[in-house]
Amino acid sequence: MSEKVLMKGNEALAEAAIIAGCRFFFGYPITPQTEVAAYMSKMLPKVGGTFLQAESEISAINMIYGASSAGFRCMTSSSSPGISLKSEGISYLAGSDLPAVICNVQRGSPGLGGIQPSQADYWQATRSAGHGDFHIMVFAPSTVQEMVDLIIRAFDRSDKYRVPAMMFADGMLGQMMEPVVLPEGKDIKTYDKPWATNGHKNKRPHNVTNSLYLDPYLLEKTIRERFARYDIIKEKEQLAEDYMTEDADIVVVAYGASSRVCRSAIVAARAEGIKAGMVRPMTLWPFPERAVRKAAETAKAFLSVEMSMGQMVDDVKLAIDCRRPVYFYGRTGGVVPTPGEVLEQIKAINGGLK
Amino acid sequence: MSKDLTLLLAGFGGQGLLFAGKVAAYAGLIDGREISWLPSYGPEMRGGTANCSVTISDSPIGSPLILNPNALIVMNLPSYDKYIGSAAPGATAIVDSSMIDRKTGRHDISVFYVPGTRLAEEGGMKGLANMILLGKLLKETGFTSFESMDKALVKCVSAKHADLLEQNRKAVKTGFEY
């Protein structure tokens with residue numbers, strides 16, 4: 001096993017992307033993810049890769065379209081307002097069945113918002129990362145180690161299913177340092193890409209990457225084919241951690257930075273004799289419906305805790321068909337909830353006050 | 001099982017608080033414990049106040065944000081005013097008395113007034129008041145061993161600046177013995 005080192009979330013994410021085989025990074029600076037680009041600018045050239053600071057987020061995502069079309073593992077990174085700018089390109093990637101990893105180290109929004117941590121882009125990531133009928137896979141790390149583990153998974157699954165993947169972090173995870181073990185990368189799998197537009201050398205027909213289909217029947221067919229793949233992803237790729245859910249009366253659902261706060265609150269609740277637990281989604285699309293549904297077998301109530309005004313809470317209700325009460329607690333605008341605040345919510349639900 | 005350390009370091013940007021926090025965190029890592037390090041990030045870092053939260057624990061760390069620290073290092077007046085009241089009862093606070101000329105009325109915390117900035121200048125260790133104060137914290141709390149702290153310094157002082165390693169060692173020792 002490699003040595004444990006202290007790394008910032010953003011730098012660990014970047015290093016793990018390189019280990020995963022990422023050789024092209026295109027981006028535009030924005031707080032709080034700038035260390036990702038800074039790290040890539042320093043390290044990618046050393047492994048024969050290309051770092052390019054684009055003139056805008058829009059051009060960066062279209063450079064990704066090009067690198068991915070040519071069959072390379074590639075990544076772009078930004079924070080909330082920058083992701084909105086990339087949304088057109090993300091839709092084109094999805095419509096052309098191109099793999100790519102897009103990192104969103106979220107900050108308070110809407111508009112330019114602020115620079116403190118947020119989870120308010122949940123709907124954008126899971127519902128509407130761009131125009132049209134499509135999905136991207138969304139991975140939600142909650143530790144610096146998961147920044148590493150999940151981005152390696154994101155590159156793999158993106159290639160495997162030919163679906164773009166998003167690393168959905170926030171300013172806290174990007175900026176904090178924790179011990180991390182970086183894998184050597186020996187077991188990184190690569191995929192044949194017979195569709196890549198990398199020169200046919202007169203040995204095969206032309207490959208074309210394209211998202212334009214003027215024949216509606218043909219366009220419908222490509223979308224239906226893609227949705228059949230989404231069904232496989234929903235079946236196979238749900239990922240969640242169960243934390244003290246076996247006997248839990250109150251099950252908190254939280255991901256990323258807010259799940260860390262909830263973990264502290266649950267420890268405090270248990271110390272007071274309240275049976276609290278947590279389902280922590282590690283994929284947001286596909287949403288880990290199975291884990292939430294299973295928790296509903298024992299849970300009397302759910303509490304969705306988010307750094308937003310309440311977005312994932314809808315998915316919790318959908319997962320259990322509203323068979324249990326689902327409460328919500330959140331802070332927004334870049335404010336991180338405190339364990340004490342979450343504990344108060346748990347106590348109020350436990351006391352039947354809510 | 002040792003007590004959790006929840007350390008908040010606060011002062012001006014440029015005083016080396018994030019670095020001192022990193023050294024403390026690395027010492028915890030060397031001791032085989034769970035650690036987290038969270039900086040304030042934002043425009044306030046440029047010459048304004050900067051702070052960082054370091055947790056060292058035997059169990060996985062939930063929220064890395066420290067609201068009521070049990071250890072505090074403060075290096076300027078605005079930070080002192082902002083955080084001295086937030087320290088948990090029983091906390092240990094190390095105050096750079098060459099930057100802060102106030103004394104707290106709190107009797108439920110242990111406060112040590114160390115003229116770190118002056119000691120650093122007089123001892124030819126300009127810019128290392130941070131490490132003097134960290135040395136004092138080590139002495140008063142024993143949150144790690146002197147050996148682990150030394151190994152952490154070796155990790156954190158980059159090879160490019162190897163000449164600074166001895167200076168850092170001297171600063172930690174100065175604080176430890178103050």
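In chain B, Phe19(B), Ala20(B), Val23(B) and Ala24(B) of helix α1 meet Asn130(B), Met131(B) and Leu134(B) of helix α4, where contact means heavy atoms within 4.5 Å. This is a predicted model, in which local features need pLDDT of at least 70, side-chain atom pairs count only at pLDDT 80 or more, and totals for chains, interfaces and linings use all residues. Residues are numbered from 1 along each chain as its sequence is written, chains are lettered from A and ligands numbered from 1 in the order in which they are written, and side-chain values use heavy atoms, with hydrogens and water left out.

**Helix pair in chain B**
- Helix α1 (residues 17-30) and helix α4 (residues 129-141) of chain B pack at about 35° with axes 9 Å apart; helices (H or I, at least four residues) and strands (E, at least two) are DSSP runs, numbered from the N terminus.
- Axes are lines fitted to C-alpha atoms, for helices over the stretch in contact, and angles run from 0 to 180 degrees between N-to-C directions.

**Nonpolar cores**
- The largest nonpolar core has 115 residues, and Met40(A), Met75(A), Ile151(A), Met167(A), Val252(A), Phe302(A) and Ile346(A) touch the most other members.
- A core is a set of buried Ala, Val, Leu, Ile, Met, Phe, Trp, Tyr and Cys residues joined through side-chain atoms within 4.5 Å; buried means under 20% relative accessible area, exposed over 50%, partly exposed in between (1.4 Å probe, protein chains only).
- Helix α6 (residues 144-161) of chain A gives this core its largest share, nine residues.
- Domain 1 (4-236) and domain 2 (240-350) of chain A each supply at least three residues to this core, with bounds from an automatic or database domain assignment.
- Another core, of 43 residues, lies apart from it and includes Leu6(A), Ala20(B), Met125(B) and Ala171(B).

**Helix α2 of chain A**
- Glu35(A), Val36(A), Ala37(A), Tyr39(A) and Met40(A) are buried in helix α2 (residues 34-43) of chain A.
- Their cover includes β1 (4-8), α1 (9-19), β2 (24-27), β3 (50-53), β4 (74-78) and α7 (171-175) of chain A.

- Lys126(B), in the loop between α3 (116-122) and α4 of chain B, is exposed, with a relative accessible area of 69%.
- Arg226(A), in helix α8 (residues 216-236) of chain A, is buried at 5%.
- Leaving aside neighbours within four places in sequence, Arg226(A) is in contact with Ala94(A), Gly95(A) and Asp97(A).
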